[in-house]
Amino acid sequence: MARAMRDIREGAAARQLWGHLGWQDIKQRYRRSVIGPLWITLSMGVTAAGLGLLYSQLFGIEVQTFLPYLTVGFIVWGFILGCLTEGSDTFVANEGLIKHVPAPLTVYALRTVWRQTLMLAHNMLVYLVVLALFFGPLSTPGYLLSPHGAPQPGLSWSVLLAIPAFALLAVNGGWVTLLFGIISTRYRDIPQVINALTQLLFYATPIVWPVDILTTKLGPGDWKHLILELNPLYHFVQILRAPLIGSTQSWHHWAVVGGFTVVGWTLALLAMRNYRARISYWV
C-alpha cells in the first residue's frame, strides 16, 4: 500500500509530464486541421442545437430553458463517458511509454483525465454562448424545465458551486481511470462491456429528458423513480448541471457522489497495491 500511495503522490507531482502529454493528445488529434481543437466545440454546439430543438418540440418544452439543460447535460456526460471509455484503455494505449519510461503509472491516468478536462473546457464555450442567449429565462425565479414541472430557483451566486462540483468529478475520474484501466489491462473484454453499458446508461440518465417529465407522467413515489436514484451517473451529472442552469440544488446528490468517491478510491488503491507491478507485463 505504501508503494501504491507513493506512485499516486509522485504521479500527481509530475504535472508537467501528464499535462504536456494530455495537451499533445488534443493537438495530435486535430493536427493539420484548419480550426484545430475548435472542432470539439463546433461538434458539441451542432449536436446540442439539433437535439435541443428536436426534443423541445417532442416534449412540448420551451427551448429557452430546455436547450441549456440539454447542453450542460451533454457536456458533463462527455467528460464522464471519456473517463470511462478512454480510461479503461489508458494503460494499453500507453504500452510503449510504460515499458520504456520509468514514470509512475498514475501519470497515464492523469493524462487521460487532463485530456478530458481540456475537451470539457472547449465544450464550455458552447455553454457560454447558450447562457448569453438565454440568460433572461434562466435567471427568472420560478422558471420551468417542463410543463407542470417544479419551479426552479433560477441562476444566482450558487453557480459558483460548479467549481467544487467539477473538482469532485475530476477526482472521481482519477479512480475510475486507475481502477478500470488496471482491470481492462488484464481482461481485454472489459472496454467492450463498458461501451455497451454506457450506451444503455445514456438513455437511462436524464440528459435529453428532464426529471420533471418522469414525475408528471408517473406521479411522485413511483418505483421507477427509485431506479433513477439508483443510477449513479444521474447524481454525477446533476451536481454540475444544477448550478450551471439555476436548477434546484439537492444535497443528496453530493452525498451520493461523495460516497462513490470514498469507495472508488479505496478500490483503486487496493488494485494498485495488488496489481501495480504486473501492469507492465500485462500490456
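Reader: How many residues does helix H13 have, and what span does H13 reach?

Author: A helix here is a DSSP run of H or I with at least four residues, numbered from the N terminus. Its expected span is 1.5 Å times one less than its number of residues. H13 covers residues 232-245, which is 14 residues, and reaches 20 Å from its first C-alpha to its last, close to the 20 Å expected. Please keep in mind that this is a predicted model, in which local features need pLDDT of at least 70 and side-chain atom pairs count only at pLDDT 80 or more, while totals for chains, interfaces and linings use all residues. Residues are numbered from 1 along each chain as its sequence is written, and side-chain values use heavy atoms, with hydrogens and water left out.

Reader: Where does H13 bend?

Author: A bend at a residue is the angle between axes fitted to the seven residues ending there and the seven starting there. In H13 the bend is about 35°, at Gln238.

Reader: Why is H13 described as largely enclosed?

Author: Buried means under 20% relative accessible area, exposed means over 50%, and partly exposed lies in between (1.4 Å probe, protein chains only). Of the 14 residues of H13, 13 are buried, so the rest of the structure largely encloses this helix.

Reader: How many salt bridges are found in the whole structure?

Author: A salt bridge is a side-chain nitrogen of Lys or Arg within 4 Å of a carboxyl oxygen of Asp or Glu. The search finds five. One of them pairs Arg111 with Asp25, with the closest N and O atoms 2.7 Å apart. Arg111 belongs to helix H7 (residues 106-133) and Asp25 to helix H2 (residues 15-29), so their contact ties together parts 86 residues apart in sequence. Both Arg111 and Asp25 are buried.

Reader: Which residue does Arg115 meet in a salt bridge?

Author: Its partner is Glu86, at 2.8 Å from N to O. Since Arg115 lies in H7 and Glu86 in helix H4 (residues 63-88), the pair ties together parts 29 residues apart in sequence. Arg115 is buried, at 9% relative accessible area, whereas Glu86 is partly exposed at 23%.

Reader: Where do Glu95 and Lys99 lie?

Author: Both are in helix H6 (residues 95-100), four residues apart, about one turn of the helix.

Definitions and conventions. Helix = DSSP H or I, 4+ residues; strand = E, 2+ residues; numbered from the N terminus.
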